[in-house]
Amino acid sequence: MYLYNAHTHIFTTKCIPENFLGKGLIRIISIPLINKLMLKLLRQILPGQSDFLSKYANFLAIGSNKNQEAVFRDLVDSYDDTCRFVVLTLDMDHMGAGRAEVNYNTQLYEVLQLKLKYMQSLLPFVSVDPRRGTAQELLALVKKYVEEYGFVGIKLYPALGFYPFDPNLDLVYQYAEANEIPLMTHCTKAGVYYKGKTFSEQQIWPKDLDGKQLPQNDHRKSSHLKNRHFKNFFTDPDNYRQVLSKYPKLKICIAHYGGSTEIERFYGKRKKKDEVNGLGNFYEKTRKLLEDKKFPNVRTDISYTLAANKIFPELIADIKNSDLRDNILFGTDYFMTIIEKNERKLVSEFRQAIDAKDFSQIANANVKSYLNSSFFTA
Amino acid sequence: MFDLPVLDFTISIVFVFFLFSLFAAALLELVNTVRKRRARILRDALDKVMNDPQNLNYAELLYNHPIIEASRKNPESLPSYIAAENFATALIAVITDQGRKVKITMNADNSAQEVERNIISSGTPIAQFRNGLDTLEPSNFQQLLVSLSQFVNNTDQLEKKLITWYNGYMDRVSGWFKVQSQKILMVLSAIVVLIFYVDFFHLAREFWDNDKLRNEMVRSAVETVEKANRPQDPTEWKNLRGNEVTSLDSLKRDINDRYALVDSLYDNIVDRSLPVGWHVTKEKWKWKGAKLWSWGKGSFLHELGIKIKVLGINLWGVILNLAGLLISVLAISRGAPFWFDTLNKLVNLRNSGKKPKTAAPEPANQLPQN
């Protein structure tokens with residue numbers, strides 16, 4: 001029996017646009033000698049307290065691997081079980097942070113070469129950004145990668161500067177729903193986000209899937225909102241209600257289950273914070289979507305969220321909840337989670353906390369049912 | 001034989017600049033090695049042409065091609081040199097590969113994914129290359145490849161064209177590398193000047209006034225030039241068994257040469273009391289330069305009535321100090337080969353009649369080197 005990790009990344013720092021971490025910083029960090037020195041120094045200077053910094057350096061070390069295959073090999077080596085990995089590509093060419101050394105087309109090409117090499121264990125998703133082209137062009141891209149190149153799903157990352165109900169995505173949703181192709185979308189208040197200095201008309205006054213102007217939201221116009229706050233408008237789980245109202249059978253995984261911070265806030269384990277843009281709790285919103293019988297194919301995953309041990313009881317309770325049980329997927333968000341703990345430790349701690357039967361449910365049965373489509377059977 | 005104080009004075013100054021420029025060049029080499037500048041600039045240069053926004057980053061694909069990958073020292077490092085032949089072969093393979101059709105489908109029983117590969121077995125290698133090229137969206141890089149492959153009949157001819165283009169491009173890249181190195185050398189020269197406090201005016205004054213120091217400098221300069229111009233002893237290039245020297249031997253020689261440089265610099269600064277360094281006293285800060293430029297009572301400038309003092313510091317003195325340092329920075333950044341050539345000519349002139357040799361050491365900033 002395969003174990004499925006439904007949420008991993010293997011792109012390298014070369015895929016990250018040059019201005020994302022500050023000009024030149026990626027290049028300096030990518031020098032193996034500097035990276036190793038950073039790690040050693042941090043361990044020497046702050047023994048015992050250098051955990052976060054040293055993990056951050058580790059994260060950069062993995063991201064700085066020479067190519068995606070090296071990152072993938074690192075991932076595979078973290079598991080003793082026979083495992084299959086959903087590898088999510090990421091189109092960062094339009095996030096307003098300049099050019100990347102390895103553009104999205106090259107990232108896809110490299111993943112395709114890896115797919116040919118690791119046919120059974122690597123299950124790639126093709127990332128779609130509505131700013132890349134017209135609705136027809138995006139559909140053509142998705143069709144090519146799904147039907148010819150064995151990609152098994154579609155990845156969205158709205159925080160990079162678009163709404164999931166962007167009109168350019170309409171044909172992609174139509175195709176995905178008709179063929180039961182799974183979609184994975186990033187949905188937390190954390191993570192990378194749009195870095196552009198200006199916002200487009202569609203970003204401030206968005207139109208829906210049919211191109212109709214949506215009621216104007218004054219919050220979006222607030223000049224005091226910085227990109228890191230504004231991105232929550234893009235990632236808001238309620239955005240998917242608009243998509244799902246048109247495509248109710250769409251198989252979409254609203255990743256991260258709102259995020260561990262939001263779960264802690266919801267259960268009173270963390271002080272509630274005044275929302276700058278008043279969007280509410282993402283965990284609560286995601287959960288409502290999962291419970292909504294009108295949208296039977298909505299899923300979530302526990303990727304990254306499972307790094308917070310203190311919310312294990314709540315996560316496990318939800319996994320045992322019959323209303324949610326079939327719709328929660330196991331994923332880790334490798335290698336983003338290296339900042340928290342290494343992959344082996346991350347998985348082993350969670351497996352120690354959960355029943356084997358429950359784990360099998362989320363890491364096998366649920367992911368298989370999520371991945372199955374007209375073109376792929378897990 | 002000329003024995004003019006002016007000539008000896010000039011030789012002394014030039015020799016000091018030669019020593020410090022050698023030191024700055026060694027620092028530059030260190031920076032190049034630590035920052036892997038050669039490897040980086042090579043990759044940047046290839047990215048500039050081959051990172052094609054309309055298509056793929058072919059530089060990335062080229063670097064991951066087994067031919068180029070084999071020249072990496074370790075998986076993370078970039079090669080600092082790619083042979084033109086390897087570049088051409090790998091690029092032809094990368095572009096040909098674009099024409100390969102791949103289709104991944106499920107097995108009939110949906111048990112596993114299968115791959116159908118169309119290897120484009122039909123057609124000559126050049127036809128396969130053109131087939132791959134046809135899949136590229138129009139772009140500058142695509143245009144470059146189209147123009148290079150336009151009138152060729154086979155991949156051998158294409159390889160030759162690619163090699164010619166690559167070598168020409170690498171000549172330009174070497175130029176960029178030198179320009180960049182010159183800027184870094186300027187910064188390193190400034191650091192050297194500040195660390196050793198090499199003030200041109202102070203040096204000039206000392207060499208002009210101190211005959212003993214000047215003679216010692218000239219003797220040292222003549223020895224250096226003669227040693228550099230001495231024909232290489234062929235036995236030096238054989239090890240004890242009479243074999244050709246190995247790279248380890250060459251490394252040892254390199255280390256010895258660098259040690260000799262530091263040793264010579266130390267000898268000249270300490271043993272011969274070279275007038276450099278931060279032995280700053282109040283008196284020295286008010287440097288008693290050539291009387292013409294002095295600001296003290298009774299000096300030329302004082303007589304002219306130029307008495308500029310700010311907060312008790314003689315501003316004119318500070319300006320002269322800064323100007324002396326700046327001249328030293330500019331001089332040292334001219335590079336060791338320039339100063340060696342100049343020194344060679346001056347020493348030969350002093351020895352009267354001896355034909356100057358241009359045995360300038362190779363600049364440490366040429367691409368490619370390793």
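How many bridges join strand E5 (residues 183–185) of chain A to strand E6 (residues 252–254) of chain A? Select both and you'll find three, with the strands running parallel. Click on Met184(A): its bridge partner in E6(A) is Cys253(A).

Before going on, some housekeeping: this is a predicted model, where local features need pLDDT of at least 70, side-chain atom pairs count only at pLDDT 80 or more, and totals for chains, interfaces and linings use all residues. Residues are numbered from 1 along each chain as its sequence is written, while chains are lettered from A and ligands numbered from 1 in the order in which they are written.

Now show the whole sheet in chain A: an open one of eight strands, ordered E1-E2-E3-E4-E5-E6-E7-E8, with parallel pairing (two strands pair if DSSP finds at least two bridges between them; strands are DSSP E runs of at least two residues, helices H or I runs of at least four, numbered from the N terminus). E1 (3–8) and E8 (328–329) of chain A are at the edges with a single partner strand each, so one side of each has no neighbour in the sheet.

Next, bring up chain B: 18 of its residues are in contact with 20 residues of chain A (C-beta atoms, placed from the backbone, within 7 Å). Strand E1 (101–106) and strand E2 (113–118) of chain B each give two or more residues to that side, and E1(B) has the largest share, four residues.

Last stop: select helix H1 (residues 5–34) and helix H10 (residues 211–229) of chain B. Phe9(B) and Phe15(B) are among the H1(B) residues that meet H10(B), where the residues include Met217(B) and Val218(B).

Notes
Contact = placed C-beta atoms within 7 Å.
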